[in-house]
Amino acid sequence: MADLKVTLIQSQLYWEDIAANLQMFDEKINNIGERTEVVFLPEMFSTGFSMQPEKLAETMDGSAVQWMKKKAAEKNIILTGSLIIEENGQYLNRLIWMLPNGTYGTYDKRHLFGYAGEHEHYQPGNKRLIAQVKGWKINLNICYDLRFPVWARNSIQPDGSPAYDVLVYVANWPERRTTAWQTLLQARAIENQCYAIGVNRVGNDGNNIYHSGETSLIDPMGEIVYRKSHDEDIFTYTLQREHLDNVRKNIPFLKDADHFTILSNELV
């Protein structure tokens with residue numbers, strides 16, 4: 001199967017200002033200097049990590065989703081990041097996987113960050129989203145999900161292949177807990193024998209909480225391919241299928257993993 005070129009955008013965010021963030025990311029995507037196939041944005045990229053969904057939530061027909069649809073088509077890319085979405089009277093921290101043809105997949109954040117009261121404002125999701133592009137299977141997650149390895153656990157499918165090849169976390173992860181961010185991203189790559197991508201924001205949010213970024217790309221052996229601290233950055237890299245396949249072939253430990261099924265909130 002073919003290699004896959006991805007771009008990670010680490011950026012400051014305009015606090016609770018959807019129009020300003022969309023304009024800013026529009027310019028950043030226009031400034032990507034090479035051909036790419038998938039572009040990753042941070043968590044709640046249009047607002048910052050806000051607990052005011054009543055004021056900020058948009059529907060799936062709102063300006064942010066429409067911008068994603070337009071930009072993906074214009075640049076012929078897959079564009080992904082999470083937004084504050086209102087649906088059926090509930091608020092969701094929803095990741096959108098937008099294809100160039102305007103079709104999309106969604107993942108609603110499962111693990112809501114109780115320490116910040118996220119669970120008091122948003123409804124948790126209960127379904128994983130594993131997207132596919134060019135033969136790659138990409139498991140998409142949001143921020144706090146990183147702390148819960150069972151939800152991310154890779155497994156061998158009936159056809160003998162792993163459930164996914166790339167594990168992604170889009171985030172607003174504060175600097176004060178950056179050791180956990182760095183360590184767990186490497187652990188997720190190693191234990192799931194996959195590439196791991198963590199895309200974080202930088203700068204202070206509206207609550208004066210500082211984010212140092214540490215946007216990272218980790219290879220299936222846990223080696224740090226890329227990590228950026230403090231500064232805004234746009235990083236493009238080609239995920240190498242041959243490297244992933246060789247790691248799995250030479251150290252085939254996924255087949256020895258425990259088998260389990262997650263049913264709603266129960267582990268069986």
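Predicted model: local features only at pLDDT ≥ 70, side-chain atom pairs only at ≥ 80, totals over all residues.
Residues are numbered from 1 along each chain as its sequence is written, and side-chain values use heavy atoms, leaving out hydrogens and water.

On to the pockets themselves. A pocket here is an open set of points on a 1 Å grid over the protein atoms alone, where a 1.4 Å probe fits, with protein on both sides within 12 Å along at least five of seven lines; lining residues have an atom within 4 Å of a point. Volume is the space filled by probe spheres set on the points, which are joined across faces, edges and corners. The second largest pocket comes to about 190 Å³, and its lining includes Arg128, Trp151, His259 and Phe260. The largest pocket holds about 300 Å³. Of the 21 residues lining the largest pocket, Phe49, Phe113, Ala116, Pro174 and Arg177 sit nearest its centre; by class, that lining has 11 nonpolar, 4 polar and 6 charged residues.

Next, helix α5, residues 178-192. Helices (H or I, at least four residues) and strands (E, at least two) are DSSP runs, numbered from the N terminus. From first C-alpha to last, α5 covers 21 Å, close to the 21 Å expected, the expected span being 1.5 Å times one less than the number of residues. Its buried residues (under 20% relative accessible area, 1.4 Å probe, protein chains only) are Thr178, Ala180, Trp181, Leu185, Arg188, Ala189 and Asn192. They fall on the same side of α5 because they cover an arc of only 155 degrees around the axis, taken from the directions from the helix axis to the C-beta atoms. Their packing partners include β8 (166-170), β11 (210-218) and α6 (241-250). Just past α5, Gln193 has a positive phi of about 50 degrees.

Then there is Lys28, in helix α1 (residues 18-30). Lys28 is buried, at 16% relative accessible area. Beyond its neighbours within four places in sequence, Lys28 is in contact (heavy atoms within 4.5 Å) with Ile9, Ser11, Glu232 and Ile234. Other buried residues of α1 include Leu22, Met24 and Phe25, and the cover over the buried residues of α1 includes β1 (4-10), α3 (63-75) and β13 (233-239).

How values were computed. Buried < 20%, exposed > 50% of the residue type's maximum accessible area, 1.4 Å probe, protein only. Nonpolar A, V, L, I, M, F, W, Y, C, P; charged D, E, K, R; others polar.
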